[in-house]
Structures are given as structure tokens and as C-alpha cells.
Amino acid sequence: MTTHQEPSAASAPAAAAGCPAHRGGEETGPDGTARMHSPRFQSDPAELYRALRREHGPVAPILLDGDIPAWLVLGYREVHYVTSNSELFARDSRRWHAWDRIPADWPLLPYVFYTPSVLFKEGAEHQRRAGAITDVLSEVDLFELRADSERVADALIDGFAGAGSAELMADYAAQVPLRVVAGLFGLAREEIFDLERDMVASLDDGPGAVEAYQRIHDCMARLLQRGRRRPGPDVASRMLAHPAGLEDEEIIQDMISIIAAGQQPTSNWIGNTLRLMLTDDRFAVTLSGGRRSVSQALNEVLWVDTPTQNFVGRWAARDTSLAGQKIRKGDCLVLGLAAANTDPAVQPDFTAGSVGNQAHLSFSHGEHRCPVPAPEMAEVIARAAVEVLLDRLPDVMLTVPGSELQWRPSVWMRGPAALPVEFTSL
């Protein structure tokens, strides 16, 4: 993959000196702007969001990898406003004025490099592409999806139930959505594990992300050709048959978007929910099959530990202002979904039992939010995974204190690095 060179245009976001994130050193740039790729963003993002909000308000200057300047939108109302105004805060990354500073091996290229994907389309073209995805996903029977999810969950548990212990992220949470989504795509078993590895690598901002993305692209291209030779009920075949008349590269890119959204965020949703239920006393009394507890935990996680923490990005179509900050044409904005959901002005009081409040921004908002069927499909898979595990292993417990659990080192995705547990052998 090569960078798409764009001429330098408007000025980069002005850095406000004195950011509270460890002034100087690896946590900030020379002028005090917080580095989003610093360890502090990874180890304690919630505290840093609060600090940035105190220092700058709901929109803060940040530095991406390589000290590329951008804006982090922290406020709930501000994220809602940005995502509701796609003409002003556009998705086409070719608008960015920083392309002349982006190296070919930049870790965030899989997020921002322009491709003919629905993610970067705007206006009528985006509606055409998003409409095709919505139609294809709407053909999935949710009852069958629940049954498939339960079968996958049961098979995985069978694999470790006799051992009396397991690591639930690698052995379970990462596997359930991957195998269920793989079934929708018609992936062969031997293709699943390589895809899982590459999905994780492409979504972590580290070495090898670009190469991993290219391998995913090649995998989707093979599925497309398979669907053309042997049409079936799989996603690729349905995309090929859709009346939108999508080109091959459009289908490949949109399948990447679907599978990326269906696997890693859902596995983290499962892992974060299990972590909450195994560490929070509010859920302990109903661990053995309490359906309302699972529903409450799934919803609470979307507010307090949403699987997608931050999303890059939007690009300003013209000079404007946002929460008192001067946004220049071509500036990059990062949607701080986790920060917005924990904005003190809107966050629910979960001690009061606000299980039904689903006004979170975990699936984004506006024209470019997740396609309508996708969140419901993800919830079906995640709920089945959590419920089946707790039904099958009612005495499951962590083997380490909850305070010792570590998060994956990513500022984009939020999920436990591991969930070691023990239980009565079956």
C-alpha cells in the first residue's frame, strides 16, 4: 500500500501548551500536546480524557503516531454534532492536508488511507453503498444467527470444559464472533485463524498493520471469486447479486468493513462484558443464568468500556469552529466515542438501574453510523456468547484479582488482554 499524496493546505491544529498529560517526554510533544499513541492513552484513557476535558474543553488538540496533529472530540454533544453534519465534517480522507507528512509505513494507514470503501464515500454514493450493505445484512435471519452463535459457543466450551481452566479472550471471546461471521462469509476453517490474526494486527496501531490489512484484502478477493463461481447464501454472493451493481473492488472493500466491524469490536464487547460480570458484585448474585444481568452488563459496557474507543476520522470541508476551537479546512478529527459516552453531562447512573438507556455513541451516529442491522446482529452474537458460557460454567471465576487484569495496548479498541478463569471441570 502506498500513500496518496495531497497538497498541504490549511494549518494543523494549534497545540495548547501545558497539557496535563506529563508535560514533555514521551507523553506529549515539545509544545505540550498530548500524544495519542503514548502509554498513558493505553493504560488509563478515562483519566486522560478527563484531564484533556479539564484543560481544553470538549475538543482537544492531540498528536497521532509520528506526531501528526489532529483534534480529539471528547464531548457527547460535540461528537453528536460532528457525526450529524457529514457535509461539514466529511469522511473522504483525501481532504486531509497532512498527506505530505505521512510515511508509507504509518501504522494508522489502514484507518485513513482512501479506498473505494463505503467508509470513505459521501452523499448519494455513500447511500448507494450503505444501502447495499443494509440489504445484504437484513437477509440474515436473527433466529438462525442466535442458533449458530450458540452452536459455536458450545463447541468452543466443549474444547476446554474438561480442563477446569481457560483464557476466555483467546479461547472464547475472540473465537465466537469470528467463527459466526466466517459462516456468513462462507470461509473455510483453515482460513479463519489467519484472518483472526490479521484482523487483530490491522486494528492495533503497531508494526505490521499495513501488511495485515493487505492479507485481509487478498482473503476477501478470494471469497469474491468463489462467490462468482459458486453463488450461495454467503455475503459475497449476495453483494454480487445486489441491484446496486457494485464493482469487484467496491465489494471487497465493503466486505472488509463488514468483517472488521463484526469481529474485533464484538469480541471485545464479549470480553468486556465477561470482565464486568466477573469483577463487579452487582452481577455476582445472578451469574448462574440471570438473563437481565447479561442485558444490563452488555448495555453498561457500551457506555463505560465501549469496544471502539476512538475512531479516525472526519476531515473538515471548510474552516469552522467547534466548541471554541478553530478548525481549519483539511484538519483531521478523531471521534472520541469512549470519552463522549463518559461525558459527565450525559452518562447514566447505572446504580439506578438505567438498563434501557441506549443513547450511547458506541455505534457512532448519523449517516456514517453502523448499518442498521449490524448492531442488532452484534448483540445477538455477544448475548449468546455470554449467556451460553454462564449457563455451561455457572461457577466460573477469575484466577487473578480483577485489578491485575490488563487491557490490550490500543487507543482505538478496548478489550482485556486476557481473562484467565477456572471452573468445575465438566
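This is a predicted model: local features need pLDDT of at least 70, side-chain atom pairs count only at pLDDT 80 or more; totals for chains, interfaces and linings use all residues.
Me: How do I read burial, and what percentage of the chain counts as buried?
Reply: Buried means under 20% relative accessible area, exposed over 50%, and partly exposed in between (1.4 Å probe, protein chains only). Of the 426 residues here, 56% count as buried.

Me: And contacts? What share join residues at least 24 apart?
Reply: A contact means heavy atoms within 4.5 Å. Among contacts between residues at least 6 apart in sequence, 71% join residues at least 24 apart.

Me: How do I check a helix for length, say helix 5?
Reply: The expected span is 1.5 Å times one less than the number of residues. Helix 5 (residues 123-138) has 16 residues and should span 22 Å; its end C-alpha atoms are 22 Å apart, which agrees.

Me: Which residues of helix 5 are buried, and how are they placed around the axis?
Reply: An α-helix has 3.6 residues a turn, so residues three or four places apart point the same way. In helix 5, the buried residues are His126, Arg129, Ala130, Ala132, Ile133, Val136 and Leu137. They cover an arc of only 150 degrees, which puts them on the same side of helix 5. The arc is that of the directions from the helix axis to the C-beta atoms. Ala124 and Gln127 are exposed on the other side. The cover over the buried residues includes helix 11 (235-241), helix 12 and helix 16 (373-392).

Me: What does helix 12 look like by the length check?
Reply: Helix 12 has 32 residues and reaches 46 Å from first C-alpha to last, close to the 46 Å expected. It is mostly covered, with 28 of its 32 residues buried.

Me: Is Glu250 buried or exposed?
Reply: Glu250 counts as buried, at 10% relative accessibility. It lies in helix 12 (residues 248-279). Leaving out residues up to four places away in sequence, Glu250 touches Pro116, Glu125, Arg128 and Arg129.

Me: How do I read the nonpolar cores, and which residues of the largest one touch the most other members?
Reply: In soluble globular proteins, nonpolar side chains tend to be buried together. A nonpolar core is a set of buried Ala, Val, Leu, Ile, Met, Phe, Trp, Tyr and Cys residues joined through side-chain atoms within 4.5 Å. The largest core has 76 residues; Tyr172, Val176, Phe185 and Met220 touch the most other members. Helix 12 gives the largest share of this core, 13 residues. Apart from it lies another core, of 33 residues, among them Tyr49, Ile102, Val112 and Trp412.

Me: What is the strand order in the six-stranded sheet?
Reply: The order is 1-2-3-9-6-4; this sheet is open, with mixed pairing. Its edge strands are strand 1 (34-35) and strand 4 (89-90). Strand 6 (residues 311-316) and strand 9 (residues 332-335) pair in the antiparallel sense over four bridges. Val312 stands opposite Val334 in strand 9.

Me: How many aromatic pairs does the structure hold?
Reply: Rings of Phe, Tyr and Trp (its six-membered ring) pair if their centres lie within 6.5 Å; planes under 30 degrees apart count as stacked, over 60 as edge-to-face and the rest as tilted. The structure holds nine such pairs. Tyr111 and Trp412 form a tilted one: 5.4 Å centre to centre, 35 degrees between the planes. Tyr111 lies in helix 4 (residues 109-112) and Trp412 in the loop between strand 10 and strand 11, so the pair ties together parts that are 301 residues apart in sequence.

How values were computed: Residues are numbered from 1 along each chain as its sequence is written. Side-chain values use heavy atoms; hydrogens and water are left out. Helices (H or I, at least four residues) and strands (E, at least two) are DSSP runs, numbered from the N terminus. Two strands pair if DSSP finds at least two bridges between them.
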